[in-house]
Amino acid sequence: MRPFSYLRAATAEEALEAFAGHPGAQFLGGGTNLVDLMKLGVAAPEFLIDVSRLPLDGIEETPDGGLHIGATVRNSDLAAHPVVRTRYTALSQALLSGASGQLRNTATTGGNLLQRTRCPYFQDPAKPCNKREPGTGCPARDGAHRDLAVLGHSAHCVATHPSDMAVALAALDAVVHLRDARGERTVPVTDFHRLPGDRPDLDSVTRPGELITGVSLPSRPAAASSGYRKARDRASYAFALASVAAVVRVEDGVVAEASLAFGGLAHRPWRARAAEEVLRGAPATARTYARAADAELAAAEPLRDNAFKVALARNLAVSVLSDLASRAEGGRPPT
């Protein structure tokens with residue numbers, strides 16, 4: 001690990017001023033990803049600005065019935081919050097399916113959104129990687145890509161985004177709050193992460209020196225149910241091969257509201273807009289859910305060794321939607 005300077009910022013203003021005065025600086029939250037990348041030699045910031053103690057650790061209900069989550073809220077605290085558990089169940093389930101208890105006690109909301117891919121080529125400085133070093137190539141396309149993207153990838157990168165939390169936030173229509181020296185702005189979480197295109201080194205739309213200050217969730221109808229399910233190689237402490245977050249509201253046997261997002265399939269959490277179009281106004285049946293999943297996954301372009309992900313994601317989506325609709329209809333199984 002290369003030597004670096006360190007500052008623990010007490011306020012957002014201090015953090016932003018420190019960044020402006022130190023080229024090569026990076027913000028440090030819980031450090032559960034960045035410190036690993038520094039040890040591997042993938043990241044080598046000259047100046048670390050610790051923002052984990054900023055007064056952004058609150059979880060507050062908003063006047064319109066939504067929820068605001070500070071950027072430094074720990075994943076374990078967010079998962080256990082009673083409003084999150086009851087009103088935004090998909091988010092609680094997603095957080096609890098990620099990492100280990102020790103890491104959830106350290107990882108922050110802002111840091112979780114900004115974590116980087118676990119593609120083995122990205123994490124190995126001895127190998128070429130367009131995401132780590134633009135222009136060097138993407139050996140994963142013809143190499144070890146079993147765990148990598150089937151949607152939205154490009155000739156330059158087939159990496160996947162690792163966050164479970166971000167998938168749930170995408171289905172829940174969350175908004176990310178950002179701040180830099182120019183002021184504050186908000187970005188829908190569905191627009192926050194990028195597809196690789198010809199710039200896979202850019203994971204998100206954040207500007208240099210921009211700080212995540214929080215995430216907001218809109219109010220949810222009481223009748224809407226949400227959930228998250230993840231398929232992985234082992235029961236814990238493993239990244240998703242495929243995952244699904246969904247919100248469903250059923251009225252009189254018809255899907256009145258539906259939002260769906262996939263994880264583990266693309267360079268960003270994948271909001272399933274085509275599937276949602278099929279779902280809304282359709283009968284709440286397993287056949288509808290399968291048709292919706294097929295409509296979304298028709299765009300998949302699997303590589304040599306990861307075509308299984310398409311069927312896996314389809315089955316997960318049907319299972320999650322069936323369970324949520326059954327719950328909304330008082331336990332009646334879908335047909």
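So, Gln 115 and Asn 112 are joined side chain to side chain by a polar contact of 3.2 Å, meaning an N or O pair within 3.5 Å, where within protein one atom must be able to donate a hydrogen and the other to accept it, and sequence-adjacent residues count only if both atoms are side-chain atoms. Gln 115 also makes one of 2.9 Å, with the side chain of Arg 118.

Before I go on: this is a predicted model, with local features needing pLDDT of at least 70, side-chain atom pairs pLDDT 80 or more, and totals for chains, interfaces and linings using all residues. Numbering runs from 1 along each chain as its sequence is written, and side-chain values use heavy atoms, without hydrogens and water.

Is Gln 115 buried or exposed? Buried, because its relative accessibility is 12%, and the cut-off is under 20% with a 1.4 Å probe, protein chains only.

Now the holes. A cavity here is a set of points on a 1 Å grid over the protein atoms alone where a 1.4 Å probe fits but cannot get out, and lining residues have an atom within 4 Å of a point. We get 3 cavities of 30 Å³ or more.

The largest cavity is about 70 Å³ and has 15 lining residues, with Cys 119, Cys 129, Cys 138, Ala 140 and Cys 157 nearest its centre.

Notes. On a 1 Å grid over the protein atoms alone, a cavity is a set of points where a 1.4 Å probe fits but cannot get out, and a pocket is an open set with protein on both sides within 12 Å along at least five of seven lines; lining residues have an atom within 4 Å of a point. Grid points are joined across faces, edges and corners, and a volume is the space filled by probe spheres set on the points. Buried means under 20% relative accessible area, exposed over 50%, partly exposed in between (1.4 Å probe, protein chains only).
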